[in-house]
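Subject: Structure handover

Hello,

Here is the structure for you to look over. My notes follow below it.

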Amino acid sequence: MAVLGGFSAGRAASRLWRRAACAAAGLRGRCPGRGYAVGAAQGPPTFGFLLDIDGVLVRGHQVIPAAQAAFRRLLDARGQLRVPVVFVTNAGNISQHRKAQELSSQLGFQVEPDQVILSHSPMKLFSRFHGRRMLVCGQGPVVENARALGFENVVTVDELRTAFPVLDMVDLQRRPKSTPLPRSDFPAIEGVLLLGEPVRWETSLQLVMDVLLSNGNPGTGLATAPYPHLPVLASNMDLLWMAEAKMPRFGHGTFLLCLEAIYRKVTGRELRYAGLMGKPSVVTYQYAEGLVRQQAERRGWAAPIRTLYAVGDNPMSDVYGANLFHQHLQRAGRDGAEELGAGDLQRPPATRSCVSILVCTGVYSPQAPGPPEPAGGEAEPPFHGHRDFSRSRSPGLLAASHVVQDVDAAVRLVFQQEGWAS
């Protein structure tokens, strides 16, 4: 009886939580339930949404009002999604489960963890590195996130700094008061995971460089820096992102830019990545397409998802990435092959196109001043993308298929184009 009573109390608490979430999000009508329950839809959908979060649904901790209106259209009378939706963010300083809970509270319906893609989520596919001893850099639950991605043996920057106190010398207050004995019992590091921007950039930059220059043995040092260096996996290449401030803030892409510049200045060589995850990388969109397909199958929607609509606020990550993925889909349609996958994600995509939609509620603003015109009109405007994507620097990749005011306008546009009632 106690078990049954606890179960009933849990159900009651769940109902109260959903009502509170609905009230907080400003949703009217019946309170939404689970996002995966099978329910009637306006015919099986043949399209789905990839929604960015920061600058599209929220600004910092504030929900953008248009997001509430958009989900009134996306949810049916029973609070179930009418079409597949996957949230694709370049954030990475939070766990997948916590981000799903956060979105559930903000949007007023239960978002499942496998509807959320963080910048580092596709690292699950890089199993050849999962058994290595990796230095992990970032903030938030970095160890929890690394292990959830499959990495079995990780060392944090703080743990490395504790093992070798003399490595971190920028902050005078944190320098050791005496010279500690050198350690010889610290196992070598075999790679570097860059999950997101750290808090103390000078410490992380120094210790990551030490690991790369010493071939994973920062307590010893080498006469000549090894090259190729240890494998580096990085996620989130955003130079800038939008929060509550009026101007964009530095993102992890800025940290990567600093690391690359220091490495090149010190060694005369380029820092190389074994993998770059997060938008605009194609592997992130491949991963998202697989989750959209799985979501549709769970809902019992038999029709293949032919079109993905990627809604974002950052031309360099959201628009550029969606257009790159569209190019990839066109090539895959001709060649009939996928480049990377794992398990069910290895199946050839049924998706034929990815349509980029740019909103004006975040990084991009039509009223914002653009970069100054170059003298004589000879130079190109600054490229805010990652260095490794400059080879694909086609002006067309930065042009969105559609530019609308906000995410609600984006949903209305898609429903109109697909012949769905909104």
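What is the strand order of the open sheet of six strands? The order is β5-β4-β1-β13-β14-β15, with parallel pairing. Strands pair here if DSSP finds at least two bridges between them. Strands (E, at least two residues) and helices (H or I, at least four) are DSSP runs, numbered from the N terminus. β5 (116–117) and β15 (402–404) stand at the edges. Each has a single partner strand, so one side of each lacks a neighbour in the sheet. Strand β14 (residues 353–359) runs parallel to β15, joined by three bridges. Leu-358 stands opposite Val-403 in β15.

Some ground rules. This is a predicted model, in which local features need pLDDT of at least 70, side-chain atom pairs count only at pLDDT 80 or more, and totals for chains, interfaces and linings use all residues. Residues are numbered from 1 along each chain as its sequence is written, and side-chain values use heavy atoms, with hydrogens and water left out.

Aromatics next. Rings of Phe, Tyr and Trp (its six-membered ring) pair if their centres lie within 6.5 Å; planes under 30 degrees apart are stacked, over 60 edge-to-face, the rest tilted. That rule gives 14 aromatic pairs. Phe-47 and Phe-49 have ring centres 6.2 Å apart and planes at 75 degrees, so they are edge-to-face. Phe-47 and Trp-420 are edge-to-face too, because their centres lie 5.3 Å apart with planes at 85 degrees. Phe-47 lies in strand β1 (residues 47–51) and Trp-420 in the segment after α10 (407–418), so this pair ties together parts 373 residues apart in sequence. Phe-47 and Trp-420 are both buried, as is Phe-49. Buried means under 20% relative accessible area, exposed over 50%, partly exposed in between (1.4 Å probe, protein chains only). Ring pairs link Phe-47, Phe-49, Tyr-309, Phe-415 and Trp-420 into a cluster.

Now helix α7 (residues 252–267). The helix has 16 residues and spans 22 Å from first C-alpha to last, close to the 22 Å expected at 1.5 Å a residue. That expected span is 1.5 Å times one less than the number of residues. Its buried residues include His-252, Phe-255, Leu-259 and Tyr-263. Among the elements covering the buried residues of α7 are β6 (133–137), α6 (201–213) and β9 (232–235), where contact means heavy atoms within 4.5 Å. Just after α7, Gly-268 takes a positive phi of about 80 degrees.

Last, the cysteines. A search of the whole structure finds zero disulfides (cysteine sulfur atoms within 2.5 Å). Cys-137 counts as buried at 1% relative accessibility, and Cys-354 at 3%.

Best wishes
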